[in-house]
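Hi there,

Here is the structure I promised to send over. My notes follow it.

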Amino acid sequence: QLQLVESGGGLVRPGGSLRLSCDGSKFRYQSFTFHHYAVGWFRQAPGKEREGISCISSNGATAKYVDDVKGRFTISRENANKTAFLQMNNLKPEDTAIYYCYLPVKEDCTPMPGSPLPWGQGTQVTVSS
């Protein structure tokens with residue numbers, strides 16, 4: 001498979017936490033594998049376009065966040081296990097969305113234009129009382 005596999009979503013109450021996983025163990029594109037790429041997390045809420053929320057450099061040294069999640073979400077990766085994570089704390093109802101991870105991404109966390117790599121199925125996060 002070429003796509004990454006997301007997991008860890010679920011139903012939580014406002015203020016709760018979830019940890020999403022992005023499995024890149026089966027990813028390979030030509031001679032490149034998971035650790036060669038920066039990875040981005042994206043989400044798509046009902047009736048809205050998919051938006052980027054965070055990304056992390058290939059070696060994990062640099063992380064970026066949009067203002068809506070900064071201070072609440074933490075992106076990380078374990079290249080030895082070919083996995084990226086998104087720790088989500090203090091969740092709000094507006095965080096409800098399907099969450100995706102994707103590579104390759106640019107320095108601004110947007111998907112690389114013209115990338116042939118597919119999107120995965122995502123994982124559903126629902127924040128509700």
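The lining of the largest pocket is made up of 9 charged residues, 2 polar and 2 nonpolar (nonpolar: Ala, Val, Leu, Ile, Met, Phe, Trp, Tyr, Cys and Pro; charged: Asp, Glu, Lys and Arg; polar: the others, Gly among them). Its volume is about 160 Å³, taken as the space filled by probe spheres set on grid points joined across faces, edges and corners. Arg43, Lys48, Glu51, Asp68 and Glu94 are the closest to the centre among the 13 lining residues. A pocket here is an open set of points on a 1 Å grid over the protein atoms alone, where a 1.4 Å probe fits, with protein on both sides within 12 Å along at least five of seven lines; lining residues have an atom within 4 Å of a point.

Please bear in mind that this is a predicted model, where local features need pLDDT of at least 70 and side-chain atom pairs pLDDT 80 or more, while totals for chains, interfaces and linings use all residues. Residues are numbered from 1 along each chain as its sequence is written, and side-chain values use heavy atoms, without hydrogens or water.

On to the cysteines: the whole structure has 2 disulfides (cysteine sulfur pairs within 2.5 Å). In one, Cys22 bonds to Cys101, S to S 2.1 Å. The torsion about that S-S bond is about 85°, so the Cys22 and Cys101 disulfide is right-handed. In the other, Cys55 bonds to Cys109 at 1.8 Å, S to S, and this link is left-handed, with -60° about the S-S bond. Cys55 and Cys109 are both buried (under 20% relative accessible area, 1.4 Å probe, protein chains only).

Best wishes

Conventions: Buried means under 20% relative accessible area, exposed over 50%, partly exposed in between (1.4 Å probe, protein chains only).
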